[in-house]
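Reader: I have some questions about the labels used for this model. Please give me the value and the cut-off each time.

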Amino acid sequence: MRSIVIIGIATVDALGRPVDEFPKPGGLRFFDELTLATGGCAVNCAVALARLGVKCALVTRVGKDVFGDFVIAELIRNRVNVDSVVHDSSVNTSFSFAAVRSGSMLMDSLDGPPTAELLATARAAGATTLLDTVFVESSPQSEWERRIGPALPHLDYFLPSLPEARALSGLTEPAEIARAFLSRGTRNVIIKLGAAGVYCRSTAGEEFRVAAEPVERVVDATGAGDCWSAGFLAGLAAGLAFDRAARVGNAVAACGIQAVGATNGVRPMPGLLAE
């Protein structure tokens with residue numbers, strides 16, 4: 001199995017549930033549960049990989065504060081390689097509160113040309129490159145283009161959600177969006193469709209959809225896309241074909257949404273990565 005390196009953001013997520021409505025300014029809203037968990041696309045993906053039994057290393061930065069200590073401790077507990085996690089006293093660890101119902105582009109110093117350069121260097125060294133994104137609803141298409149556009153020619157796989165793909169491309173339908181990204185140099189495109197599964201298209205013209213795995217009850221969709229990426233990465237690293245790796249992604253995402261927290265529902269699944 002090939003080595004996997006994850007680069008990106010780390011946060012601590014406070015997950016409150018159920019929260020179906022926010023109070024007016026100055027008001028209060030009570031809820032039943034508060035769970036503290038690691039978050040951020042890179043951390044979620046790395047932890048999910050480790051929970052699947054796949055070795056990986058994480059490159060990220062956290063503050064020398066209680067939340068940074070928590071992130072590092074959780075990474076170590078989940079057997080993620082933290083040799084390249086920077087513990088920086090000059091910054092604060094990012095923190096977010098997620099309200100889970102009962103039923104942002106976040107890397108200013110790396111987005112744009114620096115990400116493109118990093119991906120180009122990795123590919124030149126023989127690595128397979130993948131890029132997942134974070135949806136910021138208020139960002140205009142020009143901002144998406146500035147931050148993500150330069151990376152597209154250096155990607156073996158681009159894994160946006162449908163809202164992210166639409167925001168970047170200005171197009172609507174998954175097929176036309178994927179063709180637009182392929183025309184800009186990306187080799188393979190996977191568009192995550194939420195409960196509808198994923199749409200996949202390759203440079204060779206291979207096109208297919210993979211339906212989402214059925215689950216009895218969705219508890220928390222936080223980090224579902226990150227879990228999908230972890231499963232897909234694990235499948236590729238195990239030598240699985242494009243469509244089979246996408247099915248592994250769906251299976252891991254289905255596990256993730258059945259527990260509170262981005263990765264708490266992910267577990268080892270013997271045989272999942274078999275040819």
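Author: This is a predicted model. Start with N188, whose side chain reaches the backbone oxygen of D156 at 2.9 Å.

Reader: What makes the pair of N188 and D156 a polar contact?

Author: The distance is 2.9 Å. The cut-off for a pair of N or O atoms is 3.5 Å, so the pair counts.

Reader: Why is N188 called buried?

Author: Its relative accessibility is 12%. Buried means under 20%, so N188 qualifies. N188 sits in strand β9.

Reader: Which residues does N188 touch, leaving aside those up to four places away in sequence?

Author: N188 touches D156, Y157, F158, L182, R201, S202, T203 and F242.

Reader: L182 belongs to α6. How do you know that the buried residues of α6 are on the same side?

Author: The buried residues are P174, I177, A178, F181 and L182. They cover an arc of only 135° around the axis, so they lie on the same side of α6. They pack against β8, α5, β9, β10 and β11.

Reader: What comes just after α6?

Author: G185 does, with a positive phi of about 110°.

Reader: Now the surface. Why is F22 called exposed?

Author: F22 has a relative accessible area of 56%. Exposed means over 50%, so F22 passes. F22 is in the loop between β2 and β3.

Reader: Which nonpolar patch includes F22?

Author: The patch is formed by F22, F31, L34 and F97. Together they have about 420 Å² of accessible area.

How values were computed:
Residues numbered from 1 in each chain as written. Predicted model: local features only at pLDDT ≥ 70, side-chain atom pairs only at ≥ 80, totals over all residues. Heavy atoms only, no water. Buried < 20%, exposed > 50% of the residue type's maximum accessible area, 1.4 Å probe, protein only. Helix = DSSP H or I, 4+ residues; strand = E, 2+ residues; numbered from the N terminus. Arc of directions from axis to C-beta. Contact = heavy atoms within 4.5 Å. Polar contact = N/O pair within 3.5 Å; in protein donor to acceptor, adjacent residues only side chain to side chain. Patch = residues over 30% accessible without salt bridge, like charges linked within 9 Å, V, L, I, M, F, W, Y side chains within 5 Å. Areas by Shrake-Rupley, 256 points an atom, 1.4 Å probe, with all protein chains shown as cover. Salt bridge = Lys/Arg side-chain N within 4 Å of Asp/Glu carboxyl O.
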